[in-house]
Amino acid sequence: MTSSLPNIKDLTLKELQQLMTSHGEPLFRATQIHQWLFSHHAESFDDMTILSLAFRRKLSETFSIERPEIVEHLTGIEEACDYQTEKILLKLPDGNMVESVLIPSAERLTACVSTQVGCPLNCHFCATGKMGFQRNLSAGEITEQVYTLNNLVAAKESGKAITNIVFMGMGEPLLNTDNVIEAIETFSSRNYRFCLSQKRVTISTVGVIPEIQRLGKSGLKTKLAVSLHSANQEKRELLMPIAARQYPLQELGKTLAEYTASTGSPVTIVYMLLKGINDSLDDAKMLARFSRSFLCKINLIDYNSIINIKFMPVFSSTKELFQQYLVNAGLHVTIRKSFGTTINAACGQLATTRYTKPQ
Ligand code: SF4
């Protein structure tokens, strides 16, 4: 049952430190409590035996310790594929829902996590955008998705473990950068049980320019993926009006050039092919021109059809011609197979169908 007390897992490390100061406790206690919550997965303050009994009591009178609950768990049946995509719908303590996905392949097991409930950017091809924006996830809620998926994997005894994390679920990660960075620092820290190299983490953005600049200076070792979907300003505004107008292509290209120059790390340009919209050779030409000015690889992805959204995926032949043009132009191009079509794996599809606004 959900408690009426605030969930201590929603506090950032800095807020925990402020809490310690207000209780006259040393600052290192904040790190200890954080580790008990996110490494030892304490379910009660009584588990935190490093704290005095009196302080544990005070904490339990003020805070609860809560985890998200899996309310739906779907497994995909992929055509001609040995691997199964799994999607979970998580109910957060306040009743909001988010999705997290496990995407297996021969060499990887990727966890795809959400960063916001809904999204304010309302890209026209996206189910999450149709939900509107409810709120940012806390760093704890982002971290908990990784741990929940990890528990699912561990329970299978398949010998597999999560090898990569992508921030490509619901929401725009770089509109919640503080919490995304704190979550990454937690699950990549050697002081926590789940410890994944930052180099295996990809942050995907529609191109939030100031936050890309911030990431470039942050010292994080994560990778960056940019959802471009068109290298033509007008078309991009038709597909993703808010993002495209706020972060125009020309400025975005300049920012990516600076980012790759300062980090030495290539950017992945994600390009979703939409039939009759952005799939012509002219579109490929514009994409090649845009991508030449910085270190990148291009990832062409299929569109997962969404009910009530009128875009269509392209035929394989169109995709191959598009790819060939880019390869001939000297670009590094991969085609990402579409996973999870049987389980509404495109971000937000499951949550939108199950979503009812919490009271
Ligand atoms: S594609 Fe990403 S940024 Fe655009 S509405 Fe969906 S979640 Fe938001």
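Visitor: How many salt bridges does the count come to by this rule?

Guide: This is a predicted model, in which local features need pLDDT of at least 70 and side-chain atom pairs count only at pLDDT 80 or more, while totals for chains, interfaces and linings use all residues. Residues are numbered from 1 along each chain as its sequence is written, and side-chain values use heavy atoms, with hydrogens and water left out. A salt bridge is a side-chain nitrogen of Lys or Arg within 4 Å of a carboxyl oxygen of Asp or Glu, and by this rule the count comes to 12.

Visitor: Which residue forms a salt bridge with Lys 87?

Guide: The closest N and O atoms of this pair are 2.7 Å apart. Lys 87 lies in strand E2 (residues 86–91) and its partner in strand E3 (residues 97–104), so the pair ties together parts that are 12 residues apart in sequence; strands here are DSSP runs of E with at least two residues, numbered from the N terminus. The partner is Glu 99.

Visitor: What area do domain 1 and domain 2 bury between them?

Guide: The chain is divided into domain 1 (8–62) and domain 2 (69–354), with bounds that come from an automatic or database domain assignment. Buried area is the accessible area (1.4 Å probe) that two parts lose on being put together, summed over both. Of the area between domain 1 and domain 2, 46% is on carbon and sulfur atoms, and the total is about 1000 Å².

Visitor: How many residues of domain 2 are in contact with domain 1?

Guide: Contact means heavy atoms within 4.5 Å. On the side of domain 1, 11 residues take part, and the number for domain 2 is 12.

Visitor: How many salt bridges does the rule find across the interface of domain 1 and domain 2?

Guide: Side chains of opposite charge can pair when their charged atoms come close. Applied across the interface of domain 1 and domain 2, the salt-bridge rule gives a count of 1.

Technical notes
Helix = DSSP H or I, 4+ residues; strand = E, 2+ residues; numbered from the N terminus.
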